[in-house]
Each structure stands twice: as structure tokens, then as C-alpha cells.
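Q: I would like to learn how to read a structure like this one. Can we go through it feature by feature?

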Amino acid sequence: MAVREILKMGDTRLLRVAQAVTAFDTDELHLLITDLLDTMRAFEGAGLAAPQIGVDLQVVIFGTDRANPRYPQAPVVPRTVLINPVITPLAANEVADWEGCLSVPGLRGMVPRFERIRYAGFDPYGDPIERTVEGFHARVVQHECDHLIGKLYPMRMRDFTQFGFTSVLFPGLDSIADD
Ligand code: NI
């Protein structure tokens with residue numbers, strides 16, 4: 001169990017396409033997931049992907065059991081460990097909303113994402129997960145899974161007039177001023 005260092009944008013390890021997990025329910029995999037959970041909690045992230053702690057595997061975690069202080073208006077997303085994920089958009093329409101990232105600290109940007117998706121993958125024991133989701137839940141999954149193909153949210157932005165420092169964009173929200 002450990003809070004790990006989070007790699008920051010500019011580190012080329014964040015640009016790799018991550019390797020698929022081939023062995024489930026191993027000590028190594030459980031240790032990785034514990035570290036991801038400890039690190040996500042410590043930094044109050046909405047999610048975290050293994051490449052963000054320098055691990056080149058297709059593992060993401062997201063969600064909490066309570067409202068996230070960094071995203072106080074966001075609905076609660078169930079805590080999930082998702083391995084080898086595949087995302088299928090269920091509608092062509094996209095919606096834009098603010099995103100932040102622990103690898104891009106102190107900034108927020110307006111990012112278009114598919115409104116509604118199906119995602120599939122595996123839990124740490126190799127049991128399948130499949131969900132149809134929309135809104136914030138769909139956004140978080142798309143953001144985290146992008147980390148597995150070397151994409152950070154600024155690479156998905158189209159309107160750079162809506163990109164800036166959290167402390168300037170949202171001066172009243174102390175709780176997210178240091179993300
Ligand atoms: Ni991120």
C-alpha cells in the first residue's frame with residue numbers, strides 16, 4: 001500500500017499505448033490496484049489510470065462512494081476497477097464540459113465527449129464488466145481510458161479559449177483550487 005508519485009504532462013510515459021493485462025487475480029495486480037486507490041484517494045481524483053503512476057498496463061480506477069470535493073456538483077459514480085476496457089459510443093452527439101487531470105495540475109479545460117457510451121472490460125478477478133452510462137460517468141470513463149492510449153484531455157480540446165488555471169476560472173471554489 002502506497003501513495004505513488006503521479007507523472008505530469010510532458011513525461012513521455014504518459015504518451016504510451018498501454019499493454020493489456022494477461023493474468024488476473026495475481027498479487028502483483030492487486031498491489032497495483034491498491035496503490036492506484038491509495039493514490040486516487042490521497043489526491044481526491046475522480047479517477048486514475050495505471051500509466052499516470054508509470055505502470056504500462058490497461059488498468060483504470062474511477063468513482064467514489066461519496067461526493068468528490070474536487071467535483072462537488074458531479075453525481076456519485078460507483079467505485080470501479082476496470083481492466084482492458086473497450087468503449088463503444090452509443091450516439092454520435094458529444095457534450096462539452098470542464099475537465100481536470102492529476103497529470104495536468106492546476107488547470108481545467110472544456111472537453112467534448114460522447115454523451116452516452118457502453119463500456120466493457122474486466123474486474124481484478126477476470127470477471128466481465130459491462131455498463132451503459134451517460135453524462136459525468138461516461139465522461140470520467142472516456143477520460144481515464146484515454147490515458148491508456150496516450151491521450152491527455154488537452155489533446156481532445158477544440159476551443160482553447162476555454163482552458164485555464166482552476167484558481168482563475170473558478171475563484172470561489174477553494175476545494176478545487178489546487179487540483
Ligand atoms: Ni487524467
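Q: Which residues coordinate the nickel ion?

A: A word on the source comes before the answer: this is a predicted model, where local features need pLDDT of at least 70, side-chain atom pairs count only at pLDDT 80 or more, and totals for chains, interfaces and linings use all residues. Residues are numbered from 1 along each chain as its sequence is written, and side-chain values use heavy atoms, with hydrogens and water left out. Donors are N, O and S atoms within 2.8 Å of the metal (3.2 Å for Na, K and Ca); water is not among the atoms, so sites may look incomplete. Here the nickel ion is held by Cys101 through SG and by His143 and His147 through NE2, at 2.1 to 2.3 Å. Along the chain, these donors have the spacing C-x41-H-x3-H.

Q: Is His143 buried or exposed?

A: Buried means under 20% relative accessible area, exposed over 50%, and partly exposed in between (1.4 Å probe, protein chains only). His143 is buried, and His147 is buried too.

Q: How many aromatic pairs does a search of the whole structure find?

A: Rings of Phe, Tyr and Trp (its six-membered ring) pair if their centres lie within 6.5 Å; planes under 30 degrees apart count as stacked, over 60 as edge-to-face and the rest as tilted. The search finds five pairs. In one of them, Phe62 and Tyr119 have ring centres 6.0 Å apart and planes at 80°, so this pair is edge-to-face. Phe62 lies in strand β2 (residues 59-62) and Tyr119 in strand β6 (residues 116-122), so the pair links distant parts of the chain, 57 residues apart. Strands (E, at least two residues) and helices (H or I, at least four) are DSSP runs, numbered from the N terminus. Phe62 counts as buried because its relative accessibility is 0%.

Q: What is the order of the strands in the open sheet?

A: Strands of a sheet pair through backbone hydrogen bonds, either parallel or antiparallel. Two strands count as paired if DSSP finds at least two bridges between them. The open sheet has five strands in the order β1-β2-β3-β6-β7, with antiparallel pairing. β1 (47-49) and β7 (128-134) stand at the edges with a single partner strand each, so one side of each has no neighbour in the sheet.

Q: How many bridges join strand β3 to β6?

A: Five bridges join β3 (residues 80-89) to β6, and the two strands run antiparallel. Thr88, for example, has Arg118 in β6 as its bridge partner.
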